[in-house]
Amino acid sequence: MNQYDAVAALHQCVNQLEAELNQLQQQLQSLHLLAGRVFSLPPVVKGKEHDAITSIDVRQHLGSEALQLGLEHYCRLFMQHQSEQISTKAAVRLPGALCFAADSAQSALLHQQVARVNQLKARLEQIITVESGVESEERFDFVHTHLRGLITLNAYRAITLLDAPDTVRFGWANKHIVKNLSHKDVLEKLERGLKAGRAVAPWSREQWAEKLLEEIEAIRSLPASARLKIKRPVKVQPIARTWNIQQQKQTQLACSSPLLVLCTDKNQVPALGELLNYDAGQVKHRYKPQAQKLFAIIPRLHLYSDRLV
């Protein structure tokens, strides 16, 4: 797909996603809310996206207020839906859960609708990250040139629909994204950037080309047996832990958006826990294994190796 076709597909996909999200909102408004508990978090201000997070103050919302905030959150794709001072590089997070009474027919329809929404979200991510052919460093500019103000993380993130767990508890998680790469993978990525001949702020076109050549040489200088991996820290994220008594099973879920919970028996509503304020100084690790020693090879890509020579 050339970039012209990718832009057309991008607009079509976002238009379809907005329509399906509006349909989802209407379906949810037609159901009886049994319980709602969501937690608003402080917004990320422009220019502060990469600041370290040491604390997060949480504000709780219940019942109809939680429902209204949740419905607005699902449909918030563009920065026009929020203050101009809020960053579009950081997703707006609203952890929590909304529990609805639903018979088998209503449940089936809602499962179908959520599936359609999530398919379009996945399709949008595929267009932007793969089919556009745009390198990761240039995607933000590409997206905002053609869809000004799109909050990509909000648009990508799938909506989670559950069938009545017994309890839903909330907490925080710190983690890294780890991905193993071959020397060939990294060299191809760097060489594509070099051939593109673009400037990347704050460097000029010539300075950026020189930087890429240095990075290519750094990879080529490594022994063939050296392992390469991306190890990128992810900022603290809200999570949910659901418990199913019958299966005796706990499941941990990312929870940047309210979980949708369907209850066929309105007398069996899941117990919803509380999300406490986050304080990095109070975090205690039950078990923290000894990390493998790694050496930074290309810091901007969070690329590490187990060997230097």
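Strand 4, residues 96-101, and strand 9, residues 259-263, run parallel and are joined by five bridges. Leucine 98 has leucine 260 as its bridge partner in strand 9. On terms: strands are DSSP runs of E of at least two residues, helices are runs of H or I of at least four, and both are numbered from the N terminus.

Before going on, the basis. This is a predicted model, where local features need pLDDT of at least 70 and side-chain atom pairs count only at pLDDT 80 or more, while totals for chains, interfaces and linings use all residues. Residues are numbered from 1 along each chain as its sequence is written, and side-chain values use heavy atoms, with hydrogens and water left out.

Next, the helices. Axes here are lines fitted to C-alpha atoms, for helices over the stretch in contact, and angles run from 0 to 180 degrees between N-to-C directions.

How do helix 1 and helix 2 pack? Helix 1, residues 3-29, meets helix 2 at an angle of about 165 degrees, with the axes 9 Å apart. The two are therefore roughly antiparallel, a label for angles over 145 degrees. From helix 1, the contact uses Leu21, Gln25, Leu28 and Gln29; from helix 2, Leu71, Glu72 and Tyr74. Contact means heavy atoms within 4.5 Å.

Helix 1 also packs on helix 3, residues 104-131, at about 160 degrees, with their axes 9 Å apart. This pair is therefore roughly antiparallel as well. Its contact has 17 nonpolar, four polar and five charged residues. For those classes, Ala, Val, Leu, Ile, Met, Phe, Trp, Tyr, Cys and Pro count as nonpolar, Asp, Glu, Lys and Arg as charged, and the others, Gly among them, as polar.

Last, charges. The structure holds four salt bridges, each a side-chain nitrogen of Lys or Arg within 4 Å of a carboxyl oxygen of Asp or Glu. In one of them, glutamate 20 meets arginine 116 at 3.6 Å, N to O. Glutamate 20 sits in helix 1 and arginine 116 in helix 3, 96 residues apart, so this pair links distant parts of the chain.

Terms used
Pairing = 2+ DSSP bridges. Parallel < 35°, antiparallel > 145°, perpendicular 65-115°, else oblique.
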